[in-house]
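Please examine the model shown below. The paragraphs that follow lead through its cores, secondary-structure elements and charged pairs.

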Amino acid sequence: MPSNRLALFVVLSAFVSHAAASRDWGDVSSPTAATPEAIGETGAGCLAGGVRLPPEGEGYKVMHLERNRNYGHPDLIRSIIDLGHATAQGHWGELHVGDLSQPRGGPMRFGHRSHQTGIDADVWFALDPNLIRNADGLRSNIPAPSLLTPDQTRLNHMLWDIRHARVLETAARDPHVDRIFVNAHIKQELCRSVRGDRSWLRKIRPWHRHDDHFHMRLACPTDSPDCVPQKPLEPGDGCDASLDWWLSLPPLRPLPDNHHGPAPSPALPRVCRAVLNGR
Ligand SMILES: [Zn+2]
């Protein structure tokens with residue numbers, strides 16, 4: 001290659017790779033057409049062949065449609081549709097579904113550190129279908145109500161009821177669901193009140209906040225060899241000293257940076273670059 005053409009080639013390829021690097025996951029409005037696959041870790045990964053959860057279905061509605069974060073691996077979409085079906089059948093109200101993943105997964109500009117691979121979903125605790133009576137068309141103007149007392153020190157028993165336990169139990173018994181994060185006071189209430197088969201309580205894990213929504217995370221789908229599994233859960237139902245530790249933390253503590261909160265840009269698996277660029 002003559003040197004002037006070589007120089008042009010070098011300049012052009014630098015431009016192309018810079019353009020690719022600066023493209024943001026939050027700007028991409030559609031999934032790739034590939035076979036669905038969760039790739040990497042929930043906090044550093046991406047989603048190929050993402051499936052869009054319809055904005056509403058039996059027993060559920062997606063909130064904050066303007067965020068375009070209702071994409072996931074097909075296992076996740078099926079789990080939410082099944083949970084909505086059970087919610088309708090059980091007359092428990094209606095699920096208000098928060099963020100899943102962006103169309104191609106990846107890091108988000110705000111709101112979550114995880115949710116990057118299409119296997120995480122937030123579901124509000126609010127079950128009242130009237131909640132969104134005054135919502136705008138994108139359901140963007142309604143905040144998720146907390147189940148705690150205003151000082152965040154206790155569960156508000158005016159708001160908590162058996163339907164919340166039923167929804168959590170149904171989600172936890174879904175074989176695709178690996179774990180569910182809830183506020184420690186909610187876990188404590190389940191520890192106190194659940195009788196009979198308590199095996200599903202193991203999947204319910206205390207975590208910071210999570211008083212207005214629970215966070216379901218699936219196990220790595222069987223069709224996703226590059227999905228990095230979570231550390232296995234501790235044995236037992238979790239109604240033990242580990243829960244006491246969570247309950248001993250002061251309320252309204254600042255968010256840790258390993259879950260929700262501002263995200264540093266983690267190193268993604270190399271294949272995610274191709275996903276971002278639609279291949
Ligand atoms: Zn979440």
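A residue is called buried under 20% relative accessible area, exposed over 50%, and partly exposed in between, with a 1.4 Å probe and protein chains only. This is a predicted model, in which local features need pLDDT of at least 70 and side-chain atom pairs count only at pLDDT 80 or more, while totals for chains, interfaces and linings use all residues. Residues are numbered from 1 along each chain as its sequence is written, and side-chain values use heavy atoms, with hydrogens and water left out.

In soluble globular proteins, nonpolar side chains tend to be buried together. A nonpolar core is here a set of buried Ala, Val, Leu, Ile, Met, Phe, Trp, Tyr and Cys residues joined through side-chain atoms within 4.5 Å. The largest such core has 40 residues, and L168, I180, L190, F214 and M216 touch the most other members. At least two residues of this core come from each of strand 5 (60-62), helix 2, strand 7, strand 8, helix 3, strand 9 (177-182), helix 4 and strand 11; helices (H or I, at least four residues) and strands (E, at least two) are DSSP runs, numbered from the N terminus. A second, separate core of eight residues includes C46, A48, C272 and L276.

With contact taken as heavy atoms within 4.5 Å, and residues up to four places away in sequence not counted, M216 touches residues including S79, I80 and L83. Helix 2 comprises 16 residues (74-89), which at 1.5 Å a residue should span 22 Å, and its end C-alpha atoms are 22 Å apart, in agreement; the expected span is 1.5 Å times one less than the number of residues. Just after helix 2, H91 adopts a positive phi of about 55°.

C46 and A48, named above as members of the second core, also belong to strand 2. Because five of the five residues of strand 2 (residues 44-48) are buried, this strand is largely enclosed by the rest of the structure. On one side A44, C46 and A48 are buried, and on the other G45 and L47 are buried, which leaves both faces covered. Strand 2 pairs with strand 1 (residues 37-41) in the antiparallel sense over five bridges, where pairing requires at least two DSSP bridges between two strands. Two residues separate the strands of this hairpin, and A38 stands opposite L47.

Charged pairs complete the picture. A salt bridge is a side-chain nitrogen of Lys or Arg within 4 Å of a carboxyl oxygen of Asp or Glu, and the whole structure contains 14 of them. D178 and R179 form one, with the closest N and O atoms 2.5 Å apart, and both residues are buried. Another joins E189 and R192 at 3.6 Å, N to O; both lie in helix 4 (residues 184-193), three residues apart, about one turn of the helix. E189 is buried, with a relative accessible area of 11%.

A further salt bridge joins D237 and R198 at 3.3 Å, N to O. D237 lies in the loop between strand 11 (213-218) and helix 5 (241-248), and R198 in the loop between helix 4 and strand 10 (204-206), so the pair ties together parts that are 39 residues apart in sequence. D237 is partly exposed at 24% relative accessibility, and R198 is partly exposed at 23%. Finally, D24, D27 and R109 are linked in a network of salt bridges.
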